[in-house]
Amino acid sequence: MLPPLIDALPAADAPTSAVDLRTRALGSAGVAFAGYAQSAGGLDLPVGEQLTDAADLFSDRTTMRAWYRGPADWRVDVVTPTGETGVHADGCGTWTWDWEDAVATWSEPGPLAFPSPSDLLPSALGRRLLSEAAEDELSRLGAERVAGRDALGLRVEPAAEAASVPRVDVWVDRATGLPLRVQVWGDDAAEPAMDTSFLELDLTVPPAEVTAFTVPEGAEVREGQAEQLLQAADRDRRRGPALPSSLAGLDRRVVEGAPRSVGVYGRGVTLLAVGVLPDRAAAGLRAELSRAPGAVVDPLGTRIAAGPLGLMIVDGPDGALLLTGTVTLDALAAAATDLTGRAG
Amino acid sequence: MIVVELRKLFRRPRTWVTIGLLNALPVLVAVLLAWTDLAPRPGEGPAFLSAVLTNGTLYPLAALAIVLPLFLPIAVSVVAGEAVAGEAQGGTLRYLLARPAGRTRLLVAKLIAVVAFVVVTVVVVAGVGYVVGRLLFEVQPTGGTALSGTSLTSQELAVRTLLAIGYVTVSMLGVAAFALFFSTLTDSPLGATLGALAVLIASSLLFTLDAASSFAPYLPTRYWLAFVDLFRDPILWRDVVRGVALQAVYVVVLLGAAWANFTTKDVTS
């Protein structure tokens, strides 16, 4: 019963500038901690069965326990009422342990991956969203109590015209610079589209045996594979259009090792990913998107906005293309025009 | 008076019929699982049930998870709801109070009998689950695997199972406190039982609503399933501690209200 009382205490602010606070947050990758966090997303993504795990992250409440000794030695468990899934990182890759299936999966880092629960930890998400923000996009908020600690507020307001996220609020630990809470806002000013926060935080270094992983006796061991859609994109590297250097006013990013048929555009909070879709996946996804409320179907393709996240299927000359990211529907339409030369 | 109440409770055939029926469902589930070799898909069904085919020592926990959401609270509500209202309906309450023992002692005796029922019921469900699990499923001699993938020795598994039994017992004390309080308000045992069940059903329903998230941590059923956290590594104490503290608050407040009501009400039946 004590933590709610501590959280109710007024937070002490500090005269730290927004730029300095961002610098401190980005420098917090070496801060060790053990924490208990929850993320809540209100985005209902109509993406069918191919991407349910990724979609659940944005639509459900995810409870996480984390032990972080450093960038190459950490563990994040997703806790559910009937089981848990733990990710253990050791510098070479990650072990993912799924208790309910009794499966341990070894994965090595790839150039592209779908979001996983460890990406939603406030410390990781906060640093990622702050890392590419321009100085004139940053401003200071007041202070709040998060996980019983004083946290200084930092706001990012993306300048890109294509941005569908008007602002991101990051609450940074006053003492260590660790991001403690991240709120990603959409058009709805009442509720954030995504809110992830530590509820408990202990800044002592967790023991090495907590983050280490040994495959349990009798468990099935698997080699991690990229999601089917990324595999398909890799197979189709010779297919699909040569992607342009910019789309909808967003510059293409260099992603080492990524298939040629996949492009990522934009920076910071405003990102747009484009990739070739296998025909079967495209048909299912198109049907899902066209059934979604507010779907726009026109000669350019089918597009929807789920909160600040936009999705679009475009029929290109060499097959279907999937466009998705934190961009507006108008930006998706402009990107589709850039890719196909068609007008809406 | 305490001995009298305990004797009365445990000599009543329906007490044992209730406990027997409570065990029937987990036994039936175990037989079906062993017969068909079909466990629920991971993430579906009660906690631990998907894992018992490969480790029968987890079946006491699966048995508790099977009866915890509905059957165990019903049994506890029936017994606790009848504690005072049953005497009033049977016309024996006046005679009980005519003895010099006093109302407070009678309430304490009833309370202890209800607590004893809760303890015996939970232990019997876990015990029957243990026997059934060992008889019908494979048993790992080295203990088992924690939810986090670390190995648990047989001793660690036994200690955590005992902690889980204790936690479920504490959770049921909150149910008993609701039913006992309602039992002092009415002369109808059925009314007291249904009152307690109504509270629990409402609590379970509200817990699923995001709109009720502001007071969800204070709902009586909020932390019932937290005994699963005892099998993570390291143990996740957060919800277990909150669950015990919340039940303690409900028990103290409701028993206080029951005592205040019972010691001041006019007993006419």
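Visitor: Which residues lie nearest the centre of the second largest pocket, and how many residues line that pocket?
Guide: In this predicted model, the second largest pocket is lined by 24 residues, and those nearest its centre are A:Trp99, A:Ala102, B:Ser50, B:Ala51 and B:Thr54. The space in this pocket comes to about 510 Å³, and its lining divides into 12 nonpolar, six polar and six charged residues.

Visitor: Why is the pair A:Glu84 and B:Arg232 called a salt bridge?
Guide: The closest N and O atoms of A:Glu84 and B:Arg232 are 2.9 Å apart; the rule asks for a side-chain nitrogen of Lys or Arg within 4 Å of a carboxyl oxygen of Asp or Glu, and the pair therefore qualifies. The count between chain B and chain A is three salt bridges, and 10 residue pairs across this interface are in polar contact, both residues being at pLDDT 80 or more. On the side of chain B that touches chain A, helix α9 (residues 237-264) gives the most, with five residues, and by class that side has 13 nonpolar, six polar and seven charged residues.

Visitor: How do you know that chain B and chain A are in contact, and what area is buried between them?
Guide: Contact requires heavy atoms within 4.5 Å, and 26 residues of chain B are in contact with 24 residues of chain A. The area buried between the two chains is about 2,000 Å², with carbon and sulfur atoms giving 53%. Within chain B, the residues losing the most area to chain A are B:Leu147, B:Arg232 and B:Arg238, which together account for 25% of what that side buries.

How values were computed:
Residues numbered from 1 in each chain as written. Chains lettered and ligands numbered in written order. Predicted model: local features only at pLDDT ≥ 70, side-chain atom pairs only at ≥ 80, totals over all residues. Heavy atoms only, no water. 1 Å grid on protein atoms, 1.4 Å probe; cavity = no way out; pocket = protein on both sides within 12 Å on 5 of 7 lines; lining within 4 Å. Points joined across faces, edges and corners; volume = space filled by probe spheres on them. Nonpolar A, V, L, I, M, F, W, Y, C, P; charged D, E, K, R; others polar. Buried area = accessible area lost by both parts, 1.4 Å probe. Polar contact = N/O pair within 3.5 Å; in protein donor to acceptor, adjacent residues only side chain to side chain. Helix = DSSP H or I, 4+ residues; strand = E, 2+ residues; numbered from the N terminus.
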